[in-house]
Amino acid sequence: MNDVLNAIKNRRTIRRFKPNPIDEEKIRSILEAGRWAPSFSNLQPWRFIVIKDQGLKNALDKASRESVLHLGINEAPVVILVCVDRRIDPLHAIEAGAAATQNMTLAAYSLGLGAGRIGIWGTEAEVAIQKIFKLPETVRESPEGLRKSVEELTQFR
Ligand SMILES: Cc1cc2nc3c(=O)[nH]c(=O)nc-3n(C[C@H](O)[C@H](O)[C@H](O)COP(=O)(O)O)c2cc1C
């Protein structure tokens with residue numbers, strides 16, 4: 001089995017996390033995997049928020065606890081909030097976000113990291129989290145051809 005098929009088959013959702021810090025290079029590789037996901041008309045409606053701040057993780061954890069199955073958000077050394085902007089793609093933003101998220105969890109697996117995902121779309125947690133985080137603004141033209149850069153797509157918190 002090749003590496004891609006192996007990752008697809010053997011990646012599992014992880015819900016308990018060690019506190020060990022994650023290499024910046026690995027975080028970067030995971031963001032790269034997200035930005036190279038396919039999207040309708042290559043609109044790339046995703047934005048990523050990388051969260052290491054414990055106060056923010058606790059706030060996310062609290063906001064999520066009521067409406068989704070809890071997944072160790074406050075324990076994980078790094079949480080990546082994958083957002084999509086429906087103004088950029090009113091038709092397929094959610095599918096694009098799901099594709100990016102899947103790429104990112106497969107990338108984490110390939111790098112030897114455990115990862116899980118929580119879907120909050122349409123829940124009370126979504127509303128609460130929108131209040132906690134200032135979401136990225138409108139799209140700018142990308143200087144980088146085929147994909148927007150990690151810097152254009154990501155906030156580090
Ligand atoms: C859109 C989506 C939302 C999910 N939300 C949660 C969640 O809120 N809490 C959780 O513990 N797992 C969540 N999961 C993980 C699934 O429970 C998990 O993928 C499924 O049980 C299969 O297990 P595996 O990923 O280990 O193969 C979610 C998965 C997807 C694709």
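Modeller: An axis here is a line fitted to C-alpha atoms, for helices over the stretch in contact, and the angle between two axes runs from 0 to 180 degrees between N-to-C directions. The model is a predicted one. Two packed helices are described by the angle between their axes and by the distance between the axes.

For helix 2 and helix 4 the angle is about 145°, and the axes are 7 Å apart. The crossing of helix 2 past helix 4 is right-handed. On the side of helix 2, the contact is formed by Ser29, Ile30, Ala33 and Gly34. Helix 4 contributes Ala100, Asn103, Met104, Leu106, Ala107 and Ala108 to it. Sorted by class, the contact holds seven nonpolar residues and three polar ones, with no charged residues.

Some of these names come back in the largest nonpolar core. That core has 26 residues, and those touching the most other members are Ile30, Trp46, Phe48, Val50, Val79, Met104 and Ala108. At least two core residues come from each of helix 2 (24–35), strand 1 (46–51), helix 3 (54–65), strand 2 (79–84) and helix 4 (93–110). Helix 4 gives the most, with six residues.

Phenylalanine 48 shows how the parts meet. Setting aside residues up to four places away in sequence, Phe48 touches Leu31 and Gly34, then Ile80 and Val82, and also Leu153 and Thr154. Gly34 is also among the helix 2 residues that meet helix 4.

Arginine 35 counts as buried because 22 other C-beta atoms lie within 10 Å, and the cut-off for buried is 20 or more. Beyond its neighbours within four places in sequence, arginine 35 is in contact with Arg147, Lys148, Val150 and Leu153. Leu153 is a contact of Phe48 as well. Arginine 35 and arginine 147 are 112 residues apart in sequence, yet their C-alpha atoms are 6.9 Å apart in space.

The chain then runs through the loop between helix 2 and strand 1, where serine 41 and glutamine 44 are found. Neither is a glycine, but serine 41 has a positive phi of about 55°, and glutamine 44 has one of about 50°. Serine 41 is exposed because it has 10 other C-beta atoms within 10 Å, and 12 or fewer counts as exposed. Glutamine 44 has 26 such atoms within 10 Å and is therefore buried.

Two further places complete the survey. The residues around the ligand are Arg12, Thr13, Arg15, Val68, Leu69, Leu71, Gly116, Arg117, Ile118 and Gly119. This shell divides into four nonpolar, three polar and three charged residues.

Glutamate 126 has 16 C-beta neighbours inside 10 Å and so counts as partly exposed. Apart from residues up to four places away in sequence, glutamate 126 touches Ile120 and Trp121. Between glutamate 126 and serine 67 there are 59 residues in sequence terms and 9.2 Å in space, C-alpha to C-alpha.

Technical notes. Residues numbered from 1 in each chain as written. Predicted model: local features only at pLDDT ≥ 70, side-chain atom pairs only at ≥ 80, totals over all residues. Core = buried A, V, L, I, M, F, W, Y, C linked by C-beta atoms within 7 Å. Helix = DSSP H or I, 4+ residues; strand = E, 2+ residues; numbered from the N terminus. Contact = placed C-beta atoms within 7 Å. Near = placed C-beta within 6 Å. Nonpolar A, V, L, I, M, F, W, Y, C, P; charged D, E, K, R; others polar. Left-handed = near helix turned anticlockwise from the far one by under 90°.
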